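Subject: Handing over the structure, with notes

Dear colleague,

Please find below the structure that I promised to pass on to you. My notes on what was found in it follow directly after.

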Amino acid sequence: MSESNNLLSSSNKFRGSLSTALDLGRYFRVGVTHRQEHESQTGYTMDEQAEALVPMQMKSVQYSNSVDLTLILYYGKVFVPYLTFGAVRKNSATRARIGSQVVDNASPGSVVVPNGGCGMGIRLNRNFSLKLSYNVSPSRKLLYDESSGTFSQENVLDSFTSVGITYSI
């Protein structure tokens, strides 16, 4: 969770994920991950045409579910580096109000895309590890052209860096 305040706006963010995995031998693992991101922003922004500050509100939510295959590169006593490959299904929705203009944008159904990443497990004891990971997946960003009043899409990469605790049975 985070809360930040700027001169003309404030934002609140909540991000979290939960994963479970099953070992397939010593060097392979199959798992699923659910991730949620919620963001809200309120404040004022400059309206270039009116040359005045106007109120602004934005709320955004994104859910993603992935299935991954993890390849453990080295199963050490302390360090366990790994690579992850899989597929992720993403859903998102955004609602923005700038002055009197309202823009609602929801992803057109679920989008399934490949994802990949790398990470490091640092074994703390027999059952617990500190997990550091970095994942990327393709996505799209919506752009607004003020001169024509139209939206277009741009291909981008989403990335997610996480730190967590892993419990092994």
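How many salt bridges does a search of the whole structure find? The search finds three, where a salt bridge is a side-chain nitrogen of Lys or Arg within 4 Å of a carboxyl oxygen of Asp or Glu. Before I go through them, please bear in mind that this is a predicted model, in which local features need pLDDT of at least 70 and side-chain atom pairs count only at pLDDT 80 or more, while totals for chains, interfaces and linings use all residues. Residues are numbered from 1 along each chain as its sequence is written, and side-chain values use heavy atoms, with hydrogens and water left out.

Salt bridges

Another salt bridge brings together the side chains of Arg29 and Asp23, at 2.6 Å from N to O. Arg29 is partly exposed with a relative accessible area of 24%, and Asp23 is partly exposed with 44%.

Lys90 forms a salt bridge with Asp158, and the closest N and O atoms of this pair are 2.9 Å apart. Lys90 is buried, as its relative accessible area is 10%, whereas Asp158 counts as partly exposed at 26%.

Two further residues of strand β3

His38 has its place in strand β3, which covers residues 28-47, and it counts as partly exposed at 29% relative accessibility. Its side chain is joined to that of Gln36 by a polar contact of 3.0 Å; a polar contact is a pair of N or O atoms within 3.5 Å, of which, within protein, one must be able to donate a hydrogen and the other to accept it, and residues adjacent in sequence count only if both atoms are side-chain atoms. Not counting residues up to four places away in sequence, His38 touches Asn12, Lys13, Phe14, Ser60, Val61 and Tyr63, where contact means heavy atoms within 4.5 Å.

Thr33 is also placed in strand β3, but at 14% relative accessibility it counts as buried. The side chains of Thr33 and Ser19 make a polar contact of 2.8 Å. With neighbours within four places in sequence left aside, the residues in contact with Thr33 include Ser17, Leu18, Ser64, Asn65 and Asp68.

Aromatic rings

The structure holds one aromatic pair, and the rings of Phe128 and Tyr167 that form it have their centres 5.1 Å apart and their planes at 55°, so the pair is tilted. For reference, rings of Phe, Tyr and Trp (its six-membered ring) pair if their centres lie within 6.5 Å, and planes under 30 degrees apart count as stacked, over 60 as edge-to-face and the rest as tilted. Because Phe128 lies in strand β8 (residues 128-145) and Tyr167 in strand β9 (residues 150-167), the pair ties together parts that are 39 residues apart in sequence. Phe128 is partly exposed, at 34%, and Tyr167 is exposed, at 52%.

Strand pairing

Strand β5 (residues 79-98) pairs with strand β7 (residues 111-123) in the antiparallel sense over 12 bridges, two strands being paired if DSSP finds at least two bridges between them. Within β7, Gly121 is the bridge partner of Val80. Strands β7 and β8 run antiparallel and are joined by eight bridges, and a hairpin of four residues connects β7 to β8. In β8, Ser133 is the bridge partner of Gly119.

With kind regards

Technical notes: Helix = DSSP H or I, 4+ residues; strand = E, 2+ residues; numbered from the N terminus. Buried < 20%, exposed > 50% of the residue type's maximum accessible area, 1.4 Å probe, protein only.
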